[in-house]
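The structure comes first, and the description follows.

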Amino acid sequence: MNRIRELREDRDLRQIDVALATEIDQKTLSNYETGKTNPDSYAIIRLADFFGVTCDYLLGVSERNIYNASDILNELDEIKNRIDGIKKFLNKG
């Protein structure tokens, strides 16, 4: 699970930090990161909650990390702003 390692390293955390916070054994966490074993549903939920990401994002199912309604609204606002910018550009020509 490279995404677990990426999330951990992006936050400058050691495996032991994540292990203590999630109550997942450090060796088990290491095995997840190296792909030796896969996390069970309990571990996936604990890790997703700890990192503040969706389970889909953690598992690599989705490239977008839309965690809640507020994130969805923010994403939609960004898309609307990009569309408005494109419309303005096209109307100039």
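Glu-33 is buried, its relative accessible area being 2%. This value falls under the 20% cut-off, which is why Glu-33 is classed as buried. The model is a predicted one.

The buried Glu-33 has a salt-bridge partner in Arg-5, with N to O at 3.3 Å. Glu-33 belongs to helix α3 and Arg-5 to helix α1 (residues 2–10), so that distant parts of the chain, 28 residues apart, are linked. Arg-5 is partly exposed, with a relative accessible area of 30%. Arg-8 also takes part here: Arg-5, Arg-8 and Glu-33 are linked in a network of salt bridges.

Across the whole structure, five salt bridges are found. Three of them are set out below, including the pair just described.

| Salt bridge | Distance, N to O | Location |
|---|---|---|
| Glu-33 and Arg-5 | 3.3 Å | helix α3 and helix α1 |
| Arg-46 and Glu-23 | 3.9 Å | helix α4 and the loop between α2 and α3 |
| Asp-84 and Lys-80 | 2.9 Å | both in helix α6 |

Arg-46 has 27% relative accessibility and counts as partly exposed. Glu-23 has 63% relative accessibility and counts as exposed, because the value is over 50%.

The pair of Asp-84 and Lys-80 lies within helix α6 (residues 69–92), the two residues being four apart, or about one turn of the helix. Asp-84 is partly exposed at 28% relative accessibility, and Lys-80 is partly exposed at 47%.

How do the axes of helix α2 and helix α3 cross, and at what angle? Helix α2 (residues 15–22) and helix α3 (residues 26–34) have axes that come within 9 Å and cross at roughly 115°. The crossing of α2 past α3 is right-handed. On the α2 side the contact is made by Gln-15, Ile-16, Val-18 and Ala-19, and on the α3 side by Gln-26, Leu-29, Ser-30 and Glu-33. By type, the residues of this contact divide into four nonpolar, three polar and one charged.

Notes: Residues numbered from 1 in each chain as written. Predicted model: local features only at pLDDT ≥ 70, side-chain atom pairs only at ≥ 80, totals over all residues. Heavy atoms only, no water. Axes fitted to C-alpha atoms, helices over the stretch in contact; angles between N-to-C directions. Left-handed = near helix turned anticlockwise from the far one by under 90°. Contact = heavy atoms within 4.5 Å. Nonpolar A, V, L, I, M, F, W, Y, C, P; charged D, E, K, R; others polar. Salt bridge = Lys/Arg side-chain N within 4 Å of Asp/Glu carboxyl O. Buried < 20%, exposed > 50% of the residue type's maximum accessible area, 1.4 Å probe, protein only.
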